[in-house]
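Have a look at the fold first, then read on.

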Amino acid sequence: MKICILEADRPAEAFQPAHGTYAGMFERWLGAALPEARFSRIFVAGGEALPEDPTAFDGYLITGARAGVYEDHAWIAPLMDFLRAARAARVPLTGVCFGHQIMAQAFGGEVRKSKGGWVIGRQEHALTDDGAALFGAGPLAALSFHQDQVVTPPAGARRVLSNAASPNGGFRYDFPALSVQFHPEFAPAYIRDLLVAAAGIRVPQDLAQTALDSLAAPLDGERVAKGFADFLRAHSLAG
């Protein structure tokens, strides 16, 4: 199974020696649940070309990014065009955070900064019936680090999970596609380093401390990885 990771960003260089790239985080997280996958990477935000034919791969995964989907970066409109072409070809799409948002925007939804501000640290999410079918029953805990939100879901998007801070926290589409707002690929150590660097500068000190205090509690990254892996197996062009 050939899975292409579309890199919409890379961590700041100061964090890469300890934590690697987003693509590397995804390979470690998803690879354990999907050992048959052969991963490729395209650094879309760095100017690397998207495939001319979306069926060149059996599925795609769009990473997070510091950019907003509504910002005027030269690579964003071509990426949305590519996602729509992949939808037309029924190539499985998956995404997290920015990936979740740009899929929603490309398919007719709307993304804006949340009026509630930052959503960071460990968050618990309630699952819909569609979500429980993917990830198993019971609340799901994962790490978040975002301000932007999908405020209007696209037509045909079925919500798979949500909480008060992220009402549109995950979608499943029939064409097929799956996306979540949180970061199942992030390790607590990476979030911790981000928060220490951002506290009192980008993120209010008290909010950063609350998020730091949340990082010791258990997470459900393996549940999410299994759900993504099962989804890709069921819909991959590789059969």
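## Rings, charges and a pocket

This is a predicted model, and 15 aromatic pairs turn up in it. Take Phe 26 and Trp 29 to begin with: their ring centres are 6.0 Å apart and the planes meet at 70 degrees, and since anything over 60 counts as edge-to-face, that's what this pair is. Both sit in helix α2 (residues 22-31), and because they are 3 residues apart there, about one helical turn separates them. Buried or exposed, where does Phe 26 fall? It's buried, with a relative accessible area of 1%. Trp 29 is buried too, at 10% relative accessibility.

Now for a pair that reaches across the sequence. Phe 107 and Phe 175 are also edge-to-face, at 4.9 Å centre to centre with 80 degrees between the planes. Phe 107 belongs to the loop between α4 and β5 (110-113), while Phe 175 belongs to the loop between β10 (170-173) and β11 (177-180), so this contact ties together parts that lie 68 residues apart in sequence. Phe 107 has 9% relative accessibility, which makes it buried, and Phe 175 gets the buried label as well at 16%.

Here are the two pairs side by side:

| Pair | Centre to centre | Angle between planes |
|---|---|---|
| Phe 26 and Trp 29 | 6.0 Å | 70 degrees |
| Phe 107 and Phe 175 | 4.9 Å | 80 degrees |

Rings also join up in a group: Phe 15, Tyr 22, Phe 186 and Tyr 190 form a cluster linked by ring pairs.

On to the largest pocket, which holds about 490 Å³ of space. Its lining runs to 27 residues, and the ones nearest the centre are Ala 65, Arg 66, Trp 118, Phe 145 and Arg 202. What kinds of residue make up the lining, by class? There are 16 nonpolar, 6 polar and 5 charged residues.

Which elements supply at least two residues each to that lining? They are α4 (98-106), β7 (140-146) and α6 (188-198). Of these, α6 gives the largest share, with 4 residues.

Key: Residues numbered from 1 in each chain as written. Predicted model: local features only at pLDDT ≥ 70, side-chain atom pairs only at ≥ 80, totals over all residues. Heavy atoms only, no water. 1 Å grid on protein atoms, 1.4 Å probe; cavity = no way out; pocket = protein on both sides within 12 Å on 5 of 7 lines; lining within 4 Å. Points joined across faces, edges and corners; volume = space filled by probe spheres on them. Nonpolar A, V, L, I, M, F, W, Y, C, P; charged D, E, K, R; others polar. Phe/Tyr/Trp six-rings, centres within 6.5 Å; stacked < 30°, edge-to-face > 60°. Buried < 20%, exposed > 50% of the residue type's maximum accessible area, 1.4 Å probe, protein only.
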